[in-house]
Amino acid sequence: MAVCARLCGVGPARGCRRRGAAREQRRGAADSEPDTDTDPEEAGGGGVTEDDEAAERIEGGRPLPPSVESGPAGRAPLSLLELPPELLVQIFGCLPGTDLPSLARVCTTFRRILRTDTIWRRRCREEYGVCENLRKLEITGVSCRDVYAKRINPRVKSGRFMKILPDYEHMEYRDVYTCLLHRYRHILGLWQPDIGPYGGLLNVVVDGLFIIGWMYLPPHDPHVDDPMRFKPLFRIHLMERKCATVECMYGHKGPHKGHVQIVKKDEFSTKCNQIDHHRMSGGRQEEFRTWLREEWGRTLEDIFHEHMQELILMKFIYTSQYDNCLTYRRIYLPPGSPDDLFQPGLFKGTYGSHGLEIVMLSFHGKKAKGTKITGDPNIPAGQQTVEIDLAHPLQLPDIENLRDFSELSRIVLEVQEQVRREEQEQQQEEEEHSQPAAPQPHSPLGGEGAEGEETAAGAEGTTQDKAPASQPFVLPMGVRSRNEDYPRTCRICFYGTGLIAGHGFTSPERTPGVFVLFDDDRFGFIWLELKSFSLYSRIKVPFQNAQAPSREAFDEMLKNIQSLAT
């Protein structure tokens, strides 16, 4: 109340204006002299000018001296320097952390106030979600203890754990912000590791007082509706004041020394300095058995398909070469719009003997594209696995005729021929327009092409509006599916194409197929040429720092990962 009264100039209590007028009269001729009360040290009173006492008052919340409470000559402050330090702490705490160093160079008073740890604690909390109290870690316990003891190394002993804990008692939030969070802010978000055709999904987040890189793995094949699995690859934290430590979490011997290097914008790399921690005492056979249980949830004896055994062994050998050094490239979640058929995002889907893989579904006008985030030797990560033509919905036959694969194939091939004719007509129109001709007035809709697009979009909307809320669905006879527990009703189907290729991405071609939308979180794709069915389920993880700054940035990201895959 006293602070607000000083700012508005009415004084700290009733009658202050009358007393202020009396003081003005007593001052007499002194009022005509230049005002020297704007000096922050004089405004603070005689015994309040010492730095240590001022800092103690800011931290401890001591009441202000009477000389500061009353204000200079009972008037409102003319500058920030005349405000009480407690109010400056609140003001500075609202500023972005990147502006505080510049503010500290204004004067010694601001520099002293910016040493207040509550300012930096607020910036850590609001900008990076850090909610820990450094002064109460050993009393209440914090999430970083849980991160280490429960999620990263559950076999750690309490005595050894206390030795590994950083010295939080002498650590300040200013050090956490400047030396950890702000320094490594560029690696927060979603990334795709460069592991040849296999790719991956890495999420770098602030977890407690750590920055942790979590590698997300699909559930075990073929349980596509199960939640994602994740394991830590590296972590960064402050072991000593103003010194960030990078630790590799790969292997089974606990955290060990690592290194993080920001190569360029939207790209960084990690390196392990102690790769002997990745090796197991039983040699490569024990490492393979352990990897197989974690990756597939089974043993090699449980996998009877010989081709599948070869694919698994090939993946283990290939990915083991990247256990000491990895490069990551940033990826964004696809932006959505109200006109989308359903919400875009990340999905996990079945891909035959290759197991479950992660696909990013995005909408591009009358097209929807599924881009692989994880891949396989046939279709590597970054390639466009499916493309859905939203301008050509399919009307499925009744449930009895749907069981006949030849009937479904006939319907799809008819639509494929129609799409081919439309593409040829469009190509001819573009060639005609490219030839020099007499200028003609343009219509407000942008010409004949725009009118055609509008008509197609209108037809598409009409088809979707007439489509029933749900219709029966069953896979045709002879179509293989890794997961037989697929939905038996669907909303709508569209014509689409799927990318198939030989081993090593040889002879790639797009073949016709059927996109089946079951609900907002699940869809399927029937590969006609392969006579197989892939079921996709949404990844329901609230990824942070993963939104694209613009639609153009997302499209550029897609081009980059596709060009690298090619």
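Guide: Let us start with a term we will need. When one helix passes another, the crossing is left-handed if the near helix is turned anticlockwise from the far one by less than a right angle, and right-handed if it is turned clockwise. Please keep in mind that this is a predicted model.

Now to the pair itself. Two packed helices are described by the angle between their axes and the distance between the axes. Helix 14 covers residues 283-296 and helix 15 covers residues 306-320; they pack at an angle of about 110°, with their axes 11 Å apart. Angles of 65 to 115 degrees count as roughly perpendicular, so helix 14 is roughly perpendicular to helix 15.

Which residues meet here? On the side of helix 14 they are Arg284, Glu287, Phe288, Trp291, Leu292, Glu295 and Trp296. Their counterparts in helix 15 are Met308, Ile312, Leu313, Lys315, Phe316, Thr319 and Ser320.

Helix 6 (residues 85-93) packs with helix 9 (residues 117-128) at an angle of about 25°, and their axes lie 9 Å apart. Angles under 35 degrees count as roughly parallel, and helix 6 and helix 9 are therefore roughly parallel to each other. Here too the crossing is right-handed, with helix 6 passing helix 9. Val89, Gln90, Phe92 and Gly93 of helix 6 meet Thr118, Ile119, Arg122 and Arg123 of helix 9.

Let us step back for a moment to the whole chain. There are 19 helices and 19 strands in it. It has 566 residues, of which 44% count as buried. If you take contacts between residues at least 6 apart in sequence, 60% of them join residues at least 24 apart. The accessible surface comes to about 29900 Å², and 51% of that belongs to carbon and sulfur atoms.

From helices we can move on to strands. Strand 16 (residues 492-502) and strand 17 (residues 506-517) pair in the antiparallel sense over 10 bridges. Their hairpin has 3 residues between the strands, and glycine 504 takes a positive phi near 80° there. Cysteine 493 has valine 516 of strand 17 as its bridge partner. Valine 516 also stands opposite glycine 524 in strand 18. Strand 18 (residues 522-527) pairs with strand 17 in the antiparallel sense too, over 5 bridges, and these two form a hairpin with 4 residues between them.

Serine 532 lies in strand 19, residues 532-538. Is serine 532 buried or exposed? Buried means under 20% relative accessible area, and serine 532 has 16%, so it counts as buried. Leaving aside residues up to four places away in sequence, serine 532 touches Val479, Arg480, Phe525, Ile526 and Trp527.

Glycine 478 sits in the loop between strand 13 (471-472) and strand 14 (480-481). Glycine 478 is exposed, with a relative accessible area of 52%. The C-alpha atoms of glycine 478 and phenylalanine 405 are separated by 7.3 Å, while the two residues are 73 residues apart along the chain.

Notes:
Residues are numbered from 1 along each chain as its sequence is written. This is a predicted model: local features need pLDDT of at least 70, side-chain atom pairs count only at pLDDT 80 or more; totals for chains, interfaces and linings use all residues. Side-chain values use heavy atoms; hydrogens and water are left out. Buried means under 20% relative accessible area, exposed over 50%, partly exposed in between (1.4 Å probe, protein chains only). Contact means heavy atoms within 4.5 Å. Accessible areas come from the Shrake-Rupley method with a 1.4 Å probe; for residues, only the protein chains shown count as cover. Two strands pair if DSSP finds at least two bridges between them. Axes are lines fitted to C-alpha atoms, for helices over the stretch in contact, and angles run from 0 to 180 degrees between N-to-C directions. Angles under 35 degrees count as roughly parallel, over 145 as roughly antiparallel, 65 to 115 as roughly perpendicular and the rest as oblique.
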